[in-house]
Amino acid sequence: MFSFNQKTQVIFGENALAELPGELKRRNIDKLLLVSDPGIEKAGILAKVADTLHQAGAAFHAYTEIEVNPSDTTMTKGAEECKATGCDGVLGVGGGSPIDSAKVIAMLATNAEPLEHYIGKGADAWANAPLPILAIPTAAGTGAEVSGASMINLIEERRKVDIFGLSITPDTAICDPVLTVGLPPHLTATTGVDALTHAIESYVCNAANPVSDMFAVRAIELIANNIKPAFADGTNIAARSAMLLASSLAIIGYAGLGCVHSVAQTIGGYYNLPHGLSVSVCLPTCSEFNISTVPEKYAHIARIFGVDTGSMSLSEAARSAIIAFRQLLADLEVSDTLASLGVQTADVDTLAKQCMLDGSTPPNPRPLSEENFRELILKLLQE
Ligand SMILES: [Fe+2]
C-alpha cells in the first residue's frame, strides 16, 4: 500500500518570477512577508523579487535574518515580525533554509503555542491553518519548495529536528532557473548532490513504490546528465533548468530518505555545517552500507551514470554505483571529508545516538543499529 499526493502548484520556467504578483492576487494576499537570508540579499536575488513586487504595487515586508541552519529563535522572531507588520502570506526565497523558515513562520503566525510545543507531535500538530505559503528556490537542491517538512536547528541541544505536514507544504512554488544562474560552482555541486541523494535514497528506501520510483529515476537521470554542465558553466540555462526540475521532482515523488541523510543531518546540526556539503561527503560510504540489501537498484543507478554493467555480477554492478558517486564528487571538486569538516572522534557516540533518532533512519533499506552508525561515522572519519 502507498499513498501519493502533490499539493503544491508549481509554476516552472525561465522568468517564472513574473507570475508572482498574479499569484498573490489569486490567493488574496494583501501583504507578503519575504523570508530570506543575507547571502540571497547580497547576491541581488532579493532585489529582483522586490522589484517585481514594487512594479506590481504589491505590499511586502522583508525578513532576511535566516541562518545557514535556521534556529527556532530566528523562526519565532520572524513570526513576531509577520504579525507585527500585518502580513497575511509568507514567501521563502532562497535555498532550503529560508523556505523551511517560511513554513514555520506561516504556522506560528496563526498558532499560539511556542515552536517547541509542536516538535515531535507528528504531522500537522497545530490547531489553525497556517498563512498561505509561497516559495522561490534559488538553488537546485533541497526541494523544500514542494516538501511538507521543515528542518529546525535547536541551538542549545545542537540537534536538528523537524515539523511536517500537508498544511505547511507550500501552496505555490515559483521555479525560475534564471534565479539559480548566480549560484557559485561549489554550491551548485553540493546542493545538486543533495538533490541527487534525495532521489537515490527515495529510490532505494523501504517505502519505495511505483510512483516514487518513477520520480526518483527521472530525477537521477536529469542530474546525472546536467550536474557537471551546470557546475562547469553556471550560465548554462538548459542545465540549470534540468537541475531545478530534478530537485523538485525528487521531493514531489519522494517515499523516504535513508542513512546518508541520517548522518548528514546529525553532523549538520551538531557542527552547524551546510546541508548539501554534509550530504555530499556522506553519500558514497553511507550508500555502500546499503548495496547488499538492494543491489538491483544500485546497479540501475550505476547504468544511469553511464556504467556498462553488462559483464559484471550483480554485486559488482551495485558496487560500481559507489565508484560512480566518488568519481562524480571528484569531478565536482568536492574534496572535503568528515575530518576536514571538523567532526571529532570523541563525539562519535553522541552522533550515533542522534542518528538513531533522525527521521531518515526508519526508511533506510537496511536496518541500522547505533553500532552501525558508530562504524559508519568512524569509517567516514578515516577518509
Ligand atoms: Fe537533503
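So, which residues have the most contacts inside the largest nonpolar core? Keep in mind that this is a predicted model. The answer is Val90, Ile105, Ala219 and Ala246, and the core they sit in has 121 residues.

Valine 90 touches Leu33, Val35, Cys82, Ala102, Ile105, Ala106, Leu131 and Ile133, and that's leaving out residues up to four places away in sequence. Notice that Ile105 is on that list, and Ile105 is also among the residues with the most contacts inside the core. As a bit of background, nonpolar side chains tend to be buried together in soluble globular proteins.

Now, the domains. The domain assignment gives us two pieces: domain 1 is 9-180 and domain 2 is 185-381. Their C-alpha centres are 26 Å apart. The contact takes 25 residues from domain 1 and 28 residues from domain 2.

What does the domain 1 side look like? Three strands each supply at least two residues there: β1 (9-12), β7 (159-164) and β8 (172-175). The largest share is from β7, with three residues. By type, the side of domain 1 that touches domain 2 has ten nonpolar, nine polar and six charged residues.

Where does it lie relative to the domains? Domain 1 and domain 2 both give residues to the core, so it lies between them. That's my tour, thanks.

How values were computed: Residues are numbered from 1 along each chain as its sequence is written. This is a predicted model: local features need pLDDT of at least 70, side-chain atom pairs count only at pLDDT 80 or more; totals for chains, interfaces and linings use all residues. A nonpolar core is a set of buried Ala, Val, Leu, Ile, Met, Phe, Trp, Tyr and Cys residues joined through C-beta atoms within 7 Å. A residue is buried if 20 or more other C-beta atoms lie within 10 Å of its own, exposed if 12 or fewer, and partly exposed in between; C-beta atoms are placed from the backbone. Domain bounds come from an automatic or database domain assignment. Two residues are in contact if their C-beta atoms, placed from the backbone, lie within 7 Å. Helices (H or I, at least four residues) and strands (E, at least two) are DSSP runs, numbered from the N terminus. Ala, Val, Leu, Ile, Met, Phe, Trp, Tyr, Cys and Pro count as nonpolar, Asp, Glu, Lys and Arg as charged, and the others, Gly among them, as polar.
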